[in-house]
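I opened my notebook to jot down what I could look up in this one. Here are my entries, in the order I made them.

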Amino acid sequence: MFNWPELLRVGLQGLRLKPDEFWALTPFELRIILGESGVSRTLNRTGLEALLEAYPDKQKGSEDERH
C-alpha cells in the first residue's frame with residue numbers, strides 16, 4: 001500500500017508540486033520522479049498471497065463456490 005501522507009508531504013513540500021499536479025501523476029510517474037528506476041520488483045509468495053486475499057477470484061459463499 002501507499003503511504004499517502006508521506007507521499008503528499010514529499011510531493012507538495014519536497015517537490016513543490018501543486019495539489020492538482022500531484023494528483024494528476026500516475027503511480028509510475030511518481031516513482032520515476034522520486035528516483036526509483038522503474039524496474040518492477042518480482043512478486044514473491046507473500047505479495048501474491050496478499051493480492052489473493054485483497055482481490056479473491058470468488059467470494060466466500062458465492063454461487064460459484066458451490067459448483
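**Notebook: rings, a loop, a patch and bridges**

I began with Trp4, which is partly exposed at a relative accessible area of 37%. My terms here: buried is under 20% relative accessible area, exposed is over 50%, and partly exposed sits in between, with a 1.4 Å probe and protein chains only.

Before going on, I noted that this is a predicted model, where local features need pLDDT of at least 70 and side-chain atom pairs count only at pLDDT 80 or more, while totals for chains, interfaces and linings use all residues. I also noted that residues are numbered from 1 along each chain as its sequence is written, and that side-chain values use heavy atoms, with hydrogens and water left out.

**Entry: aromatic rings**

How many aromatic pairs does the count come to? I got two. The rule I used takes rings of Phe, Tyr and Trp (its six-membered ring) with centres within 6.5 Å; planes under 30 degrees apart are stacked, over 60 edge-to-face, and the rest tilted.

Trp4 and Trp23 make a tilted pair, with 5.6 Å from centre to centre and 35° between the planes. This pair links distant parts of the chain, 19 residues apart: Trp4 is in helix α1 (residues 4-14) and Trp23 is in helix α2 (residues 19-24). Helices are DSSP runs (H or I, at least four residues), numbered from the N terminus.

I looked up Trp23 too, and it is exposed, at 51% relative accessible area. Why do I call Phe22 and Trp23 edge-to-face? Because their planes are at 85°, with the ring centres 5.0 Å apart. Is Phe22 buried or exposed? Phe22 is buried, with a relative accessible area of 3%. Put together, Trp4, Phe22 and Trp23 form one aromatic cluster.

**Entry: a loop residue**

Next I checked Arg16, in the loop between α1 and α2. Its phi is near 60°, a positive value in a residue other than glycine. I wrote that down because most residues other than glycine have a negative phi. Arg16 counts as exposed, at 69% relative accessibility.

**Entry: a nonpolar patch**

Which residues make the nonpolar surface patch? I listed Leu43, Leu48, Leu51, Leu52 and Tyr55, for about 510 Å². Patch residues have over 30% relative accessible area and no salt bridge; nonpolar side chains (Val, Leu, Ile, Met, Phe, Trp, Tyr) are joined within 5 Å, like charges within 9 Å. The areas come from the Shrake-Rupley method with a 1.4 Å probe, and for residues only the protein chains shown count as cover. Leu48 is partly exposed at 31% relative accessibility.

**Entry: salt bridges**

Side chains of opposite charge can pair when their charged atoms come close. I counted two salt bridges, each meaning a side-chain nitrogen of Lys or Arg within 4 Å of a carboxyl oxygen of Asp or Glu.

One joins Glu6 and Arg9, at 2.5 Å from N to O. Both lie in helix α1, three residues apart, about one turn of the helix. Glu6 is partly exposed at 35%, and Arg9 is partly exposed at 40%.

Glu49 also bridges to Arg45, with the closest N and O atoms 3.1 Å apart. They are four residues apart in helix α4, so about one helical turn separates them. Glu49 is partly exposed at 43%, whereas Arg45 is exposed at 57%.

Conventions. Helices (H or I, at least four residues) and strands (E, at least two) are DSSP runs, numbered from the N terminus.
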